[in-house]
Amino acid sequence: MDLERLLTDRLAPAFAAVAGVPVDPAVRRSQHADFQSDAALGLARRLGRPPREIAAEVRERAALADVCAAVEVSGPGFLNLTVAGHALGGLVSALAADPRLGVPVVAEPETVVVDYSGPNVAKEMHVGHLRSTVIGDAAARTLEWLGHRVLRANHLGDWGTPFGMLIEHLLDLGEAGAAQELSMGDLDGFYKAAREKFDDDEAFRERSRQRVVALQGGDPATLRLWRLLVTQSEGYFLTVYDLLDVTLTGDDFRGESSYHDQLAPTVEELDRLGLLRRSDGADCVFPPGSVGRDGEPLPLIVRKSDGGYGYPATDLAALRHRTGALGATRLLYVVGLPQRRHFEMVFAVAAQAGWLTAPARAEHVGFGSILGPDGRMLRSRAGGSVKLAGLLTEAVQRATALARERNPELGESEAAEVGRAVGVGAIKYADLSGDRHKDYVLDWERMLSLDGNTAPYLQYAYSRVRSIFRRAGAAARPDAEVSLAEPAERALAMELVGFAAVVEEVASGLEFHRLTAYLHRLAVAFSAFYERCPVLRAEGPVRESRLVLCDLTGRVLRQGLDLLGIRTPERL
Ligand code: ARG
């Protein structure tokens, strides 16, 4: 049990007795003591009593003697709580004996669909897909570790009008030639060449149009060529996922095309429900609350005037499938903020249609852009969009060079492994450690630095723990008594027991910067502890106790980074 919960459980009955109704004690970490409760302030008006008097009465009634060394009424009516050393030590011991580090498996597991990555066939993945992939993977890992049933959905852009020109271009190159070009990962080149012909060549344009019709009509020869394109691209995406160390596999592809058969029934159902309106020849739904800048209602186009279905219809069909056939109650869409409006409208229409009713709910897990050093959208030197694979290779190269420089004893293959863990970890961490709604600047120096709120700093802290145990020649004794005489020991223990609360918070809000901030605080507390409190030079119970603190720090760092998809090498 974490401390916040423990103190809340102890304070709640006292507040309820004073107020006559249940009250959330609102226990928070505090600068002034270990924890603070400000619930008395909120109650004052309701009870018509001075808040300090309420706080004092709660203090009298609350059963805190075994947990707190001091409980004080302060300021306008705060309760300042100082945790007793023995209580904290007991919690740390319990944590040490718990393989889940105090984080219980959820009592009521949900089926959660995490829709992430979602690159487009025959197009290069760009840095926006990087963010989706990294954030979505952290969400999938975290929810899975908590015991939820997680379904990964890679909503590949593998359908629609561009496939006419892509297939025609494939035929022009010849199947073998096209396959070679695509497997090299030159997806953008392929797409651009097709686009150029489409723009310049009337005959090609006409062929492409006919090809779209054949594709949508299910012509077998056309479908075979289309599948060729999809398979080539999927293969390329899988190499990127592998490089990036994400848990997405070939089984998780749920391309737009896979909802093809459900598009007509989905739109028919909207029609039956009386939700469709004709607007400029297209079938639309006008969800309540969606209005444009000048206040006029905004349509979600579900069937275009040419009779085709587009991106919105596909998302409606996918959502209906997820809550219906898959029985999911939590739907996550990890997609950039520019698509916010799209998802608002899709969710609103789905709610109207009855496909998204409690307990099922959908969340757009939006994120900002990655910016270059100049503060503008990240661009390659040639001015095009930066390719994901290139970015990753660069990160790994830089990190490997740094690892060799810092630690010449590392063998060739270990240096490569460390370089990969640190390079990929640095990129992911940079992505996860800021408020995801904001843009962030890609800064190699900073993200690969061993100081600061970075992956290498945490990985370094972890490797220090491991080095202690290599030198100790033994593991920590999990049943050793934990004593917290030194302030630095106490501070480290306070962080360790806070892991569960952070994981829980992150599982609901999916704000991973709260987890990175926590892990960083933990590593800082560990480093202060390590400076001030000798471990291997200590003796007897003190040494035993400190080894437990080291061991727990290592395990929490490792688990926390694992939730983020970041590796922890034994040596840096
Ligand atoms: N393929 C889309 C894009 O590149 C992302 C798909 C996101 N997922 C979804 N269900 N719409 O913008």
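Three nonpolar, four polar and two charged residues form the shell around the ligand in this predicted model. The residues in question are D115, G118, N120, H155, G157, D315, A318, Y333 and V335. The protein around them has 572 residues, and 44% of these are buried.

**Ligand surroundings**

**Overall build**
- The protein contains 21 helices and 13 strands.
- Along the principal axes, its C-alpha atoms fill a box of roughly 85 × 65 × 40 Å.
- Of the contacts between residues at least 6 apart in sequence, 72% join residues at least 24 apart.

**Domains**
- The domain assignment lists domain 1 (3–83), domain 2 (162–252) and domain 3 (455–563).
- Taken over C-alpha atoms, the centres of domain 1 and domain 2 are 64 Å apart.

**A helix pair to look at**
- Two packed helices are described by the angle between their axes and the distance between the axes.
- For helix α5 (residues 127–145) and helix α15 (residues 412–432), the angle is about 85 degrees and the axes are 10 Å apart.
- Helix α5 is therefore roughly perpendicular to α15, because angles of 65 to 115 degrees fall in that class.
- On the α5 side, the contact is made by R131, V134, I135 and A138.
- From α15, the residues taking part are K428, D431 and L432.
- Sorted by class, the contact of α5 with α15 has four nonpolar residues, no polar ones and three charged ones.

**A closer look at S305**
- You will find S305 in the loop between β9 (300–303) and α12 (311–323).
- S305 counts as exposed because 12 other C-beta atoms lie within 10 Å, and the cut-off for exposed is 12 or fewer.
- Leaving aside residues up to four places away in sequence, S305 touches D280, G281 and A282.
- S305 and L88 are 217 residues apart along the chain, and 67 Å separate their C-alpha atoms.

Note on methods. Residues numbered from 1 in each chain as written. Predicted model: local features only at pLDDT ≥ 70, side-chain atom pairs only at ≥ 80, totals over all residues. Near = placed C-beta within 6 Å. Nonpolar A, V, L, I, M, F, W, Y, C, P; charged D, E, K, R; others polar. Domains from an automatic or database assignment. Axes fitted to C-alpha atoms, helices over the stretch in contact; angles between N-to-C directions. Helix = DSSP H or I, 4+ residues; strand = E, 2+ residues; numbered from the N terminus. Parallel < 35°, antiparallel > 145°, perpendicular 65-115°, else oblique. Contact = placed C-beta atoms within 7 Å. Buried ≥ 20, exposed ≤ 12 C-beta atoms within 10 Å, placed from the backbone.
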